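Here is a short report on core packing and helix contacts. Look over the sequence and structure first.

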Amino acid sequence: MAVLGSKFSTASSLFFVPNQFTQQLKAAEAVVPLYELRQQKKLLESQLISSLDGCNNLLQIKQVHANVIRKGLDQCCYVLTKLIRVLTKINVPMDPYPRLVFEQVKYKNPFLWTALIRGYFLQGSLRESISLYGSMRREGIGPVSFTFSALFKACSEVLDVCLGRQLHAQTILVGGFASDLYVGNTMIDMYVRCGSLDCGRKVFDEMPERDVISWTELIVAYAKKGDMKSASRLFDGLPLKDKVAWTAMVTGYTQNAKPREAIEYFESMQNSGIETDEVTLVGVISACAQLGAVKYANWIRDIAERSGFGPINNVVVGSALIDMYSKCGAIEDAYRVFEGMKERNVFSYSSMILGLAMHGRAHAAIQLFHDMVKTETKPNRVTFIGVLTACSHVGLVEQGRQLFASMEKCYGIAPSADHYACMVDLLSRAGCLEEALELAQTMPMEPHGGVWGAILGACQIHRNPDIAQLAANHLFELEPHAIGNYILLSNIYASVGRWNNVLRVRKLMKEKGLKKNPGCSWMEGKKGEIHEFLAGDLTHPRSIEIKQALQDLLDRLRANGYQPNLSSVPYDVSDEEKNRILMTHSEKLALAFGVLTTSAGCTIRIMKNLRICEDCHLFMCGASEIIGREIVVRDNMRFHHFREGICSCGNFW
């Protein structure tokens, strides 16, 4: 833009002020040495840069700009680059003001070009940024590392990997950037964000120099992809591991449902003397929540306290601890953390409401919701998922309807598909299957798997194979490889004796190459170690003792009137074989181990990957009365607290 249009005429007059600094320089040349004048100029530039740093609005910037012109520095790229960057920072449009500043400079350096290129892409005009880069190259101005890093960041923002590759080629053609660490890192980031992890890895492998940022970018990318093996190999090769790199590994394993590995890395981080922060703590707290081990929960809370991130004063860590204790079966500990917090926000309230809901304490969850509203803490989407889940777990249909209706009316929160899933779950569990089906078919957005899954799960409770097949048809389209849906439909057919339909579903599973995940239960040993039990697997080192303890429990239960619920076995086999299968369910094996290894009076806590079956639920109720101990079972839906022959769910689950 060599000549500016008329729209710039008024503003441009600002720049045609006599160059006083040049006149002063000529007048003083005979008296003042040139190097002193240069020093004075540098000092003046520094003062103006400092003044620009302190600007918070356009008026202040214009005042400093006027001073720049008055001092004869209207051609100083160093100062004007800073001016454009400050204008960009406060979101002043590139046209006309910053562009006019740029156009008035006769000899533009690469930094001034880059400031304008960066400004345009930050304001969403990538095309203008690229056009400017082309103009810069045509004028024979060589780019600097900041030029390429700005352009690569622009490509990352719009996810344009094709343009990113062209710019990558430019770094090679222009030359001199192969060894630039900053350019290499932004290039890796661009490829990773655009979904080309392999290209990012190639850039990394070819970099002659790398820093911790180079390594960590790729570690995080592999973790997001679920490839923790590659992330681990990279981490092992990192010469100097800082807090960010360690945190990437901890959170990576946590996000990929590998809680033990996350905890192991956190322990190694502690042993390496690396200080932790709230981000690392939240990651490992989440891992403890997945594992469900109380000993680890208490251990990580102690570390949080010692590190200065205790729940009393840190609302982020406090909210995470509430969630962790809730998922470890220690709802009382979760509530103690909540009560002790000096500051509570919507996340801490929501975590506590969800915790109470998953433990079947619906009335307490709803009361806490009303208490929260009284504090003027506005509920969010997660809060409503919590209270609706609470209603669903105990069948509070009318209260659920009222809360659902209040979301948008009272709080301006439009229900999402997840909220509709909660309502469908509430209605269908309560036996209102037709109403639930109608809600799923008329909701304003396309129902996701959670909606149809809620209906399918309720069809097992109410033994309704016809609606189950309808829900399953949707699930087979949405989640073609989710084996749980096929198994659930097969079990529903088995519960009503439709064995031909069972064979049809199993044939479909075989054709798709789907394999059933075995039932798995785990519990914490005395020293914090985790013991796993698979359904039908008697390979535990103490399996003979476990089998005998289980038989003793069974004999005592039968003497007390217990009869196995054979319908819990979805196979067309003999009653004797059904009894054998039931007695090797993973939670029963875990319970027998708990009786053998824990002290009398101690709570037995069992975590399970699948929904507890009706027979195991009946067995746990009876066992809690016979052994006089609380048994807590966490399945994939909720917690069951068995005390004195009664479950906290009231047999509604």
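## Around M324

M324 touches I285, C288, A289, A297 and I300, leaving aside residues up to four places away in sequence. Contact means heavy atoms within 4.5 Å. This is a predicted model: local features need pLDDT of at least 70, side-chain atom pairs count only at pLDDT 80 or more, and totals for chains, interfaces and linings use all residues. Residues are numbered from 1 along each chain as its sequence is written, and side-chain values use heavy atoms, without hydrogens and water.

M324 belongs to the largest nonpolar core, which has 175 residues. L281, I300, M324 and I455 have the most contacts inside that core. A separate second core has 30 residues, including L554, C616, C621 and A623.

A nonpolar core is a set of buried Ala, Val, Leu, Ile, Met, Phe, Trp, Tyr and Cys residues joined through side-chain atoms within 4.5 Å. Buried means under 20% relative accessible area (1.4 Å probe, protein chains only).

## Helices α27 and α29

Helix α27 (residues 449-462) packs with helix α29 (residues 483-495) at an angle of about 25°, their axes 9 Å apart. Axes are lines fitted to C-alpha atoms over the stretch in contact, and angles run from 0 to 180 degrees between N-to-C directions. Helices are DSSP runs (H or I, at least four residues), numbered from the N terminus. The two are therefore roughly parallel, a label for angles under 35 degrees.

L456, G457, C459 and Q460 of α27 meet N485, L488, N491 and I492 of α29.

How values were computed. Buried means under 20% relative accessible area, exposed over 50%, partly exposed in between (1.4 Å probe, protein chains only). Angles under 35 degrees count as roughly parallel, over 145 as roughly antiparallel, 65 to 115 as roughly perpendicular and the rest as oblique.
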